[in-house]
Amino acid sequence: MSKNDPVPANDAIGRLVQEFSKLPGIGPKSAQRITFHLLRSPEERAKALAEALVSLKQRVNLCSICCNVTESDPCPICRNSQRDSATVCIVEQPQDILALEHTGVYKGLYHVLHGAISPTEGIGTDNIRIKELLARFESNTIKEVILATNTNTEGEQTALYLSRVIAPLGIRITRLARGLPFGTELEYADDVTLTRALEGRSEF
Ligand SMILES: [Zn+2]
């Protein structure tokens, strides 16, 4: 905080404003607005927020199969016997699963990479969950993978790398790209676009 700031950084209000300011999409003004809103709210509201924050880190882990965030292992999607275990859709982030599930058209399983290959940011193949993905192919039950990484440079690089690694295994490789303009982050794509991209997926 600058010395012109009316809220000292080391008191309770200043600390919370600082913490909120670190969150994505929240600038200093919004951080102050949220903090003063909480200050005016009943104490239970603040306690509920604090407890939700603590339990987020205590209770949420990664699924040992698909690496999705989950409170139970395996996650509900991996546990669901109604889903098509021969198809695995590979996404960058857990939020991408939420977007795809929202369409209601995909019935296969997922794998979350938790990022994309990006040499400029120093993210290599060992920094995302590729090892865990390759381990899943050892069971020989997977017949198709859908590369659903973002359509930006990092996502395309990651899809290309994965296709090279997976191709020798004789698994069908498709790419969720048709209808998705370049630069699309799956998380923000609408249902209609995602459904078209899923149904119109093509060989990679
Ligand atoms: Zn899972």
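These notebook entries record what I looked up in the structure above.

**Entry 1. Ground rules**

I note that this is a predicted model, in which local features need pLDDT of at least 70 and side-chain atom pairs count only at pLDDT 80 or more, while totals for chains, interfaces and linings use all residues. Residues are numbered from 1 along each chain as its sequence is written, and side-chain values use heavy atoms, with hydrogens and water left out.

**Entry 2. The chain as a whole**

I began with the secondary structure and found eight helices and seven strands in the protein chain. Helices (H or I, at least four residues) and strands (E, at least two) are DSSP runs, numbered from the N terminus.

I then looked up the extent: the C-alpha atoms fill a box of roughly 65 × 35 × 35 Å along the principal axes. The accessible surface is about 12,000 Å², and 54% of this belongs to carbon and sulfur atoms. Such areas come from the Shrake-Rupley method with a 1.4 Å probe; for residues, only the protein chains shown count as cover.

Of the 204 residues, 38% count as buried. Here buried means under 20% relative accessible area, exposed over 50%, and partly exposed in between (1.4 Å probe, protein chains only).

I also checked contacts, meaning heavy atoms within 4.5 Å. Among the contacts with a separation of 6 or more, 55% are between residues 24 or more positions apart.

**Entry 3. The sheet**

In what order do the five strands of the open sheet stand? I read the order as E4-E3-E5-E6-E7, with mixed pairing. Two strands pair if DSSP finds at least two bridges between them. The edges are E4 (108-112) and E7 (202-203), each of which pairs on one side only.

E3 (residues 84-91) runs parallel to E4, and five bridges join them. Within this pair, Val 88 has Leu 109 of E4 as its bridge partner, and Asp 84 has Gly 108. E3 also pairs with E5 in the parallel sense, over four bridges, and Thr 87 stands opposite Glu 144 in E5. E5 pairs in turn with E6 (residues 172-175), again in the parallel sense and over four bridges; there Leu 147 stands opposite Arg 175.

I next asked how strands E4 and E5 are covered. Five of the five residues of E4 are buried, so E4 is largely enclosed by the rest of the structure. In a regular strand the side chains alternate between the two faces of the sheet. In E5, Glu 144 and Ile 146 point one way and Val 145 and Leu 147 the other way, and all are buried.

**Entry 4. Asp 84**

Asp 84 is partly exposed, at a relative accessible area of 36%. Not counting residues up to four places away in sequence, Asp 84 touches Lys 107, Gly 108 and Leu 109. I also looked up Glu 51: from Asp 84 it is 33 residues away in sequence and 37 Å away in space, C-alpha to C-alpha.

**Entry 5. Helix H5 and its neighbours**

Two packed helices are described by the angle between their axes and the distance between the axes. I found that H5 (residues 94-103) and H8 (residues 191-199) pack at an angle of about 85 degrees, with their axes 9 Å apart. Axes are lines fitted to C-alpha atoms, for helices over the stretch in contact, and angles run from 0 to 180 degrees between N-to-C directions. H5 and H8 are therefore roughly perpendicular to each other. Angles under 35 degrees count as roughly parallel, over 145 as roughly antiparallel, 65 to 115 as roughly perpendicular and the rest as oblique.

Which residues of H5 meet H8? I listed Ala 99, Leu 100, His 102 and Thr 103, which meet Asp 191, Leu 194, Thr 195 and Leu 198 in H8.

**Entry 6. Backbone exceptions**

Most residues other than glycine have a negative phi, and most peptide bonds are trans. I noted a cis peptide bond from Asp 73 to Pro 74, with omega near -5 degrees. Pro 74 is in the loop between E2 (69-70) and H4 (76-79).

His 114 has a positive phi, near 60 degrees. I located His 114 in the loop between E4 and H6 (130-136), and at 26% relative accessibility it counts as partly exposed. Asn 140 likewise has a positive phi, of about 65 degrees. Asn 140 lies in the loop between H6 and E5 (144-147) and is exposed, with a relative accessible area of 58%.
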